[in-house]
Amino acid sequence: MEWLKISTSTELVRVATDDIVYVHADGNYCDMMLTNGKSHKMTFQLVFFEKTFLQLRNKIFVRVGRSLIVNKRFIYVINLAEQKIILSGGDMREQVVFHGGEGESNNYQKIPLSRETLKQLKELLEKEKG
């Protein structure tokens, strides 16, 4: 298990990478969602997390849009037709659905997800072992 350590002038956040489900950008801030359902708002842009995750030994994080990085271990469903990704499993308390297509619903978070990005992610996961 690897640990992510993020230090600012006022705090140190230390979290096991296996406990990070996703990181979602919100302007100049990012929300890091953990498996226990808790979210931690960080004063960093998403590119900071992208670069930090690339330095880890285990390449378990993938950027799936302008505002979202997900832990591949929690990807449950990728639906190209609906431009939807569902995260579930492990110690997660409930499923998280990100939807980039049209339509209205209360049970998902609407964020830009392109079909092409989801298609590439689907192909990447199909090629991985396990």
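Two strands pair if DSSP finds at least two bridges between them. Keep that rule in mind for the close-ups below, which all come from a predicted model.

**Figure 1. Confidence along the protein chain of this predicted model.** The protein chain has an average pLDDT of 88, and 93% of its residues score at least 70. Among the elements, the highest mean pLDDT, 95, belongs to strand S7 (residues 68-71). The lowest mean, 76, belongs to strand S11 (residues 109-110).

**Figure 2. Strands S3 and S4 form a hairpin.** Follow strand S3 (residues 20-26) into strand S4 (residues 29-34). Two residues lie between the strands, and Gly-27, in the turn, has a positive phi of about 70 degrees. The two strands run antiparallel and are joined by six bridges. Look for Asp-26, which stands opposite Tyr-29 in S4.

**Figure 3. Strand S3 and its pairing with S7.** S3 also runs antiparallel to S7, with three bridges joining the two. To find your way, locate Val-23: across from this residue, in S7, stands Ile-69. How many of the seven residues of S3 are buried? Six are, so S3 is largely enclosed by the rest of the structure.

**Figure 4. Strand S10, covered on both faces.** Strand S10 spans residues 96-99. On one side you will find Val-96 and Phe-98, on the other Val-97 and His-99, and all of these are buried. With S11, S10 runs parallel, and two bridges join them. Here His-99 stands opposite Lys-110 in S11. Remember as you look that S11 has the lowest mean pLDDT among the elements.

**Figure 5. Gln-83, a loop residue with a positive phi.** Our last stop is the loop between strand S8 (75-79) and S9, where Gln-83 lies. Its phi is near 50 degrees, a positive value in a residue other than glycine. Is Gln-83 buried or exposed? The relative accessibility of Gln-83 is 14%; buried means under 20%, so Gln-83 counts as buried.

Technical notes:
Residues are numbered from 1 along each chain as its sequence is written. This is a predicted model: local features need pLDDT of at least 70, side-chain atom pairs count only at pLDDT 80 or more; totals for chains, interfaces and linings use all residues. Side-chain values use heavy atoms; hydrogens and water are left out. pLDDT is the predictor's confidence in each residue, from 0 to 100. Helices (H or I, at least four residues) and strands (E, at least two) are DSSP runs, numbered from the N terminus. Buried means under 20% relative accessible area, exposed over 50%, partly exposed in between (1.4 Å probe, protein chains only).
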